Amino acid sequence: MRDILRVRAELERGQQSLQSLDIHHVAQSDIAAVVSEASRELDNADSIARSSRWLGLLSHVPGVGTQVRGVRELASASAVIGQHGRDAADRVQRALDANTAAGPPGRVALVEEVGRALDVLRTELRSVPIGAHGWLLPPLGSARHRLVERLDKADRQLGDAQKIASALHGFLAGPRRFLILGGNNAEMRALPVTTTAGAATVLDGEVSVGDFLDTSHIDLPYPGVSFPSDWKPLYEWLGPGQAYTSAVMSPNFPLAAEVSSRISEHNEIGAVDGVIFVDTFALQSLLGVLGPVTVDGTTYDGNNAARILINENYLRFQTRNESPERRDTQGKVAKAIFDAINSRQFTMTKLAATLLDLTKERHLLAWSRDPVENEMWDLVGASGALAPNSFLIASQDLGGSKLDYYVNVDVRAAVESLGDRRRVDLAITLTNPTRSVSSAYIDGGSIYADPGEYGSFLAVYMPRSVLGVKNDDPGISYIGPDGNVSAAVVELRVPQGTSKTVRFEFFLPNSERTLEIVPSARLRPITYAMNTLSFNDAVPITLNLERLARNEPTPAWLLMGLLLLGLGMGLVGDAWGRMAVAVDDPASRRARIDASVGWWIAVSGLALIAVYVGLWITPQ
């Protein structure tokens, strides 16, 4: 029985190790070494199952032999799966080693080889004989069931990976022409405002980027291009069909990108096959992988680029008359980064891990006219599409300022069950801190806000299923749909050195079980305190509304658990001390009884603490 449990434990560890592998693990080492280490437990399980004398003896016992055979077949199948994984990893690693130094064309060859390795691995895994048929004891039966489920999941994931590899190969081979929108995190819309734009051509793995243009110089005259009807009451007053800056008022990037691509058809950029959005934070992260670049005597790296480009440069170029020079600097840095991608050697897996993080955080997004490429962007999380249960708070600057570098947004929220629906209460606080050093360009100023005053078009994007929304002062300007979600917006002003809190209340049907918190892409992430949870929106978070809507946890459970644990352990310690000095048998027996009672009291305390933690503290 001990060997059966050892085999089962090694199988579970090995399968979980392989399942939990991601690009970040691989980026720290070579792929072959990481996968080999992760599958080591599977080999151990197979070795124990084949060599155990006890299992060999039990295999001849009537009724037990089926269970032993099941153990061995599961272990053998898992070892075969591990070997297939290692073979695929070896193949990919050889392709990485052979093509890393080959420049842009090597990237096309690498993706092609990865696609072939995925095809082979998927075929091999489909042909693995699981065995272990017939009636199995519950632990073995559940182990077989989990292995089958994990193989099914792996097959689906490999299918998605094949699609990504195929579409990425077509994208890199080209030719493709993309609009590149440069986002500035110091002035926010639903994404960082697009202050620069350029065109990039992708051909045979190389990305060629021309000069970046100041977006304010290529806006279209009124009325511009058509835009979704949902946007008319929400954003029409800022001209989303005329300017890239206004198109990204909507968080629905596929819609914003499609409108932006049609704007390009009527300005000097011209027709494009798709749109790539990259903000200043993303540029800084890419420099962390590619290495520093020097532009006009200033060196930008993975630690300082965002600070220099979206804050210090506003102190250096202090007026709007100097803005072309400042924007030209940001465009030059972006161009230098794309040039570095073509000319420098770097770790492809580290770049891939960085890009995936940036897409998850909405600092890097992409859209294509080609539906196959669009599916790829969606599979890797770069499409920027909002789901029907998405939730996003976007404080959009109305003062033409660069104050979002400083402004904090904090949210206190409560989710409550009302029987047939759920109520969500929000208190959103905007803080515009006092600044010891500033400039006219940072302070801004427009018809919507005085210089130094933070003017906000505060939009709360909620699930499309929302049943109703309420708001106190200053009052909701508009409630309506924006693609898959609903929007409620207010306009407000926050003077320097002050805070302003706006309250919302909205209702959701019980059928809306989860809420997907979407990153706002702010340099200072929005912080949330929601019922018992505290988090920020730097990365996507899925909230379980049913669990959140339960009554607030009472600390009495935790306090009682701690008291019982302390009392029990104290009683045990005292009993052990008495047993050590006991001189007669009755005293020793009493001490043993007290120790046993103490253990049970301590276990009861631990149980209460575990219930408290499991029900209320575990992240959703």
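## Strand β16 and its partners

Strand β11 (residues 421-432) pairs with strand β16 (residues 498-509) in the antiparallel sense over 12 bridges. Strands are DSSP runs of E, at least two residues, numbered from the N terminus. Two of them pair if DSSP finds at least two bridges between them. Within β16, F507 stands opposite R423.

Strand β13 (residues 468-471) also pairs with β16, antiparallel, over four bridges. Here E505 of β16 faces K470.

## Model and confidence

This is a predicted model, in which local features need pLDDT of at least 70, side-chain atom pairs count only at pLDDT 80 or more, and totals for chains, interfaces and linings use all residues. Residues are numbered from 1 along each chain as its sequence is written, and side-chain values use heavy atoms, with hydrogens and water left out.

The protein chain has a mean pLDDT (the predictor's confidence in each residue, from 0 to 100) of 83, and 80% of its residues reach 70 or more. Over residues 54-58 the pLDDT is below 50. Beyond near neighbours in sequence, that stretch has 11 contacts in the model; contact means heavy atoms within 4.5 Å. Where pLDDT is low, the predicted coordinates should not be read in detail.

## The six-stranded sheet

An open sheet of six strands runs in the order β14-β15-β12-β9-β17-β20, with mixed pairing. β14 (478-482) and β20 (541-544) are at the edges with a single partner strand each, so one side of each lacks a neighbour in the sheet. From one strand to the next, the twist averages 25 degrees. Axes are lines fitted to C-alpha atoms, and angles run from 0 to 180 degrees between N-to-C directions.

Inside this sheet, β9 (residues 390-397) and β12 (residues 454-463) run antiparallel, joined by six bridges. D397 has S456 as its bridge partner in β12.
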